[in-house]
Amino acid sequence: MQNEAIPFDPSRDLPALAASGALGGNVALFRQPRGPDLMRRAQPLDEWCALLARHGVWPYNRCLEGAPTPLSTVEGDGLVAARGINFASQDYLSLASHPEVLAAAMAALAECGPHSAGSAVLLGNSRYSGALEGVLGELLRCRHVVLFPTGWGAAFGAVTALVHGADHVLIDQLAHASLRQGAMAATRNVTPFRHLDCDHVRELLAGIRAADSQGAILVVTEGLFSMDADSPDLPLLQYLCHEYGATLLVDVAHDLGAMGPGGGGVIGAQGMLGKIDLVMGAFSKTFASNGGFVACGSACVRRQLQLFAGPHMFSNALSPVQAATILACLRIVAGQEGETLRAALMRNAVELRALLKQEGMRCIGAPSPIVPLWTGTEAACRIAGMLLAREQVFVNPMEFPGVPLGAARLRLQLMAQHTPAQIRRAAPLLAQAVRKAAGEPQPALAPSRQG
C-alpha cells in the first residue's frame, strides 16, 4: 500500500511547519500547570497536542490493527491507516503470534475464564501463576518470585515495599520512570549516579556509609537501557554493593528472554545468574503479555514484597490467560527455538546498525533488540517520524520526558521475524527521513520493494 501524501520539500515545508508552532515547545512546559481549576488548567497542553496532530507530527495514541507483527497496519491522530514495516512494537522474539503461545492462551481461557478475580494475596492466584513463579525462578536461578499485574507495578512496588524514609537509593540517572518514581515515593534520600559510572557509585556509597552506618542502601540499574541500548558492569556493581553493605536491584525488562545464553539476558551474559540481590522485570517485551515480577534468593524479602508492595497487594493478580501465555513463551525462550530466534533478532540488529552507519547515521549503544537512531532536536524527531509514517515505516519518536531535552531520537524496536528485505528497505528510508528533518541534502535512493 502506498500513501498519496504530497512529497515533503524541506525548503518549503520546514519553514511552514516552524511558523505553525508545531515544531516548538515540549511536554516539559506543561508538566506542572498552575491555577485553581484542576480540570481546566490542562487545556494548554491539549491545545498544543492538537496543534501537533493537525500538522502530522503527533506520534502518540496510534492504533495497531491485529497482532504486533513486522508488517502491521497502523492508524491514529493525523495518520491515515496504512500497512508498513513495524519498528514500534515490543515483541522481540515474535512470540505474540506463535502458534504454541496462542494455543496456551486459548486453553487457559477455556479452562479458567479471562479474569483472576482477586489480588494475588486474596485468591487471585491460579495453577498457571504458581507454575510461572517456578519456571521463572529456574531461569533466573532465584528461588523466590513475586508476580505483579504490570512491569511498572513491579518496579514501583519493589522499591516502595523495601525502602523506608531513613534509607538511601542510588539510581542510574537514565533508569525507568517507574523506578525513579518509586524511589522518590519511598525516601527523600535519592541520589542519581552518572549513567553506567561505577566509580561514581563507589564514591557515593563511601560517602553515605561514612555518614550513616544504619540506613539501608538500594542501588538501582537496568540490564539493557531502553533508550540507549547499553548495559552496566553488573559484577562490579554487585561487588561494590557487597563491599558497602548495599543491595543491588537490576531491571531486566528489555533483555530477559531476548538476549543472553538460554535467554538469561544481560545478567546471564555477564555470568551473574543467581548472584544479583534483586531482579525485576516485565513480561511485555519478550513474553507476549502484560505483567511483571521481582525475584530474589530470600524468602523473607518475598514475604515483605507480598504484604507491602501496593501493586501486588492491592491490584488484581495476573489472569490465568496471561500466566499461561508467559509460561508458553518461557518454554520457547529456554529451548533451541529460543536460541534460533535470539540469533535472528541479533542478526537484524547488527545489519540495521551497519546499514544506518553506511548512511552516515548515528546509532546509540550496542546491538540489541533496541536501535536508538539519534536526531537531537525534538523538531527533527517529530518531522522524521512523520516522514517515515508517510513511507509506511512505523517508529517511536522519543522526546522528553522519555529522554532528556535536546536528546531526541527514533527508537527502533526489532523483532526476530523482521526479514532481511524489510531491514534493507527501511534503512535508506530511515536515513533519508533524518536528513530531511535536519534540512540536509538528499542522495538519490535506488528503487526498493517492501518485503
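**Helix H14.** I began with helix H14, residues 378–390, where helices (H or I, at least four residues) and strands (E, at least two) are DSSP runs numbered from the N terminus. At 1.5 Å a residue its 13 residues should span 18 Å, the expected span being 1.5 Å times one less than the number of residues, and the end C-alpha atoms lie 19 Å apart, which agrees. I then looked up its cover and found 12 of the 13 residues buried, where buried means under 20% relative accessible area, exposed over 50% and partly exposed in between (1.4 Å probe, protein chains only). Among the buried residues of H14 are Glu378, Arg382, Met386 and Leu388. Glutamine 392, which follows H14, has a positive phi near 60°.

**Basis.** This is a predicted model, in which local features need pLDDT of at least 70 and side-chain atom pairs count only at pLDDT 80 or more, while totals for chains, interfaces and linings use all residues. Residues are numbered from 1 along each chain as its sequence is written, and side-chain values use heavy atoms, with hydrogens and water left out.

**Backbone.** I looked next for backbone exceptions, since most residues other than glycine have a negative phi, and most peptide bonds are trans. Asparagine 61, in the loop between helix H2 (43–54) and strand E1 (63–65), has a positive phi of about 60° and counts as exposed at 60% relative accessibility. Alanine 117, in the loop between H3 and H4, has a phi near 65° and is exposed, with a relative accessible area of 58%. The peptide bond from phenylalanine 400 to proline 401 is cis, with omega near 10°; proline 401 belongs to the loop between strand E13 (396–398) and strand E14 (408–413).

**Salt bridges.** I noted 10 salt bridges in the structure, each being a side-chain nitrogen of Lys or Arg within 4 Å of a carboxyl oxygen of Asp or Glu. Arginine 342 and glutamate 339 form one of them, at 3.2 Å from N to O, and being 3 residues apart in helix H13 (residues 336–358) they are separated by about one helical turn. Arginine 342 is buried at 6% relative accessibility, whereas glutamate 339 is partly exposed at 32%. In another, arginine 40 pairs with aspartate 37, the closest N and O atoms being 3.9 Å apart; arginine 40 is exposed at 63% and aspartate 37 is partly exposed at 36%.

**Cavity.** Which cavities of 30 Å³ or more does a search of the whole structure find? I found 1, a cavity being a set of points on a 1 Å grid over the protein atoms alone where a 1.4 Å probe fits but cannot get out. The largest cavity holds about 80 Å³ of space, the volume being the space filled by probe spheres set on the points, which are joined across faces, edges and corners. It is lined by 13 residues, and those closest to its centre are Ala120, Asn125, Leu147, Ala317 and Leu318; lining residues have an atom within 4 Å of a point. Strand E4 (144–148) and helix H11 (310–313) each supply at least two residues of this lining.

Definitions and conventions. On a 1 Å grid over the protein atoms alone, a cavity is a set of points where a 1.4 Å probe fits but cannot get out, and a pocket is an open set with protein on both sides within 12 Å along at least five of seven lines; lining residues have an atom within 4 Å of a point.
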